[in-house]
Amino acid sequence: MKKFTSVTDIDNVEDWVRKALEIKKNPLVNNKIGANKTIGLLFFNPSLRTRMSTQKAAQNLGMNVMVMNLNTDGWKIELEDGTVMNQGSQEHIKEAAAVISQYCDVIGLRTFPSLKDREKDYADDVLNKFLSNISVPLISLESAILHPLQSFADVITITENKILKRPKVVLTWAPHPKALPQAVANSFLEWMRKTEVEVVIANPLGFNLAAEYTRNCKVYHKQEEAFENADFIYAKNWSSYDDYGAIGKNLDHWMVDEAKMSLTNNAKFMHCLPVRRNVVVSDAVLDSKASLVIEQANNRTYAVQMVLQKMLKNGQ
Ligand code: AN0
Ligand code: CP
């Protein structure tokens with residue numbers, strides 16, 4: 001396996017979930033397959049879960065781990081070809097990628113969008129420039145438009161907790177004071193489409209996601225209507241796709257609270273974390289038995305371990 005950047009990089013979601021759950025039962029059973037292999041985790045942005053769960057999974061496989069915060073500790077990387085580098089950037093991706101590829105057997109990369117230039121963000125420019133300049137497999141640790149490791153862990157969590165064969169899953173927009181990427185939501189929909197669920201979306205007017213991710217999905221602009229009969233409520237803020245990067249005003253009432261949860265079919269609550277309490281979701285919901293957020297974060301380890309096992313077993 002050469003890259004894990006989207007659900008389209010894997011053959012069968014159900015099969016992957018089944019194998020990840022086997023890993024969860026006995027995470028150390030393959031603790032030799034990564035011996036003498038190194039993973040390099042490159043972060044342009046902050047992280048708690050992605051960083052630690054990937055380190056943990058790599059360690060479970062016996063790998064060595066190197067972490068580099070490129071934005072704060074590295075030279076400023078130039079991505080464009082042919083630039084006269086007499087301004088801010090100090091090192092070209094061509095050299096950086098070639099050098100990192102010599103040190104690492106697998107590379108992980110986190111790169112958030114600008115939320116200013118939609119065309120560049122949605123071309124996943126930084127991720128793709130890395131992909132075309134490295135010589136080892138790459139795992140996306142969240143790109144400008146997708147967060148596949150999160151979504152894989154989410155599918156694992158839904159599979160473990162569903163009661164109905166085909167549960168109703170609501171992806172609901174929630175308030176947030178700062179502009180956030182659409183990546184978690186886009187990616188969640190991509191994976192939900194390949195999972196046995198009925199998925200619907202709730203978001204305010206002006207906050208529809210890109211059509212390529214929402215196609216065939218019912219979109220409600222009244223949150224309460226979407227919550228009816230829901231088995232899972234997946235809350236996430238995203239900034240506007242149409243008015244690119246805008247955060248919207250007077251939308252505090254979109255916070256998920258107990259009153260809204262009571263409209264559901266005893267639904268479980270999900271969020272990728274980090275979450276702003278009493279902005280995105282009330283304390284009462286987050287602290288209730290319905291909340292799966294800690295288990296979602298736990299499943300991040302088994303999701304990424306599954307990906308690493310695939311990459312290592314191919315002899316990469
Ligand atoms: C990021 C986002 O919304 O994409 C990362 C979530 C996993 N969240 C924040 O920056 C708060
Ligand atoms: N959910 C998630 O990816 O968290 P981090 O940003 O802390 O890695």
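Start with Arg 18, which is partly exposed at 45% relative accessibility. By that I mean between the cut-offs for buried, under 20% relative accessible area, and exposed, over 50%, with a 1.4 Å probe and protein chains only. Before going on: this is a predicted model, where local features need pLDDT of at least 70, side-chain atom pairs count only at pLDDT 80 or more, and totals for chains, interfaces and linings use all residues. Residues are numbered from 1 along each chain as its sequence is written, chains are lettered from A and ligands numbered from 1 in the order in which they are written, and side-chain values use heavy atoms, leaving out hydrogens and water.

What does Arg 18 pair with? Its side chain forms a salt bridge with Glu 22, at 3.5 Å from N to O. A salt bridge here is a side-chain nitrogen of Lys or Arg within 4 Å of a carboxyl oxygen of Asp or Glu. Both residues sit in helix H1, residues 13–25, four residues apart, about one turn of the helix. Helices (H or I, at least four residues) and strands (E, at least two) are DSSP runs, numbered from the N terminus. Glu 22 is also partly exposed, at 45%.

Glu 295 is partly exposed at 28%. The salt bridge count comes to 14.

Now the sheet. Five strands form an open, parallel sheet in the order E10-E9-E8-E11-E12. Strands pair if DSSP finds at least two bridges between them. E10 (219–220) and E12 (268–270) are at the edges with a single partner strand each, so one side of each has no neighbour in the sheet. Strand E8, residues 168–173, is joined to E11, residues 232–236, by five bridges, and to E9 by five bridges. Val 170 stands opposite Ile 233 in E11, and its bridge partner in E9 is Val 200.

Last, ligand 2. An oxygen atom of the ligand lies 2.6 Å from a backbone N or O atom of Leu 48. Taken alone, ligand 2 exposes 260 Å², and the protein buries 92% of that; accessible areas come from the Shrake-Rupley method with a 1.4 Å probe, and for residues only the protein chains shown count as cover.

Notes:
A polar contact is a pair of N or O atoms within 3.5 Å; within protein, one must be able to donate a hydrogen and the other to accept it, and residues adjacent in sequence count only if both atoms are side-chain atoms.
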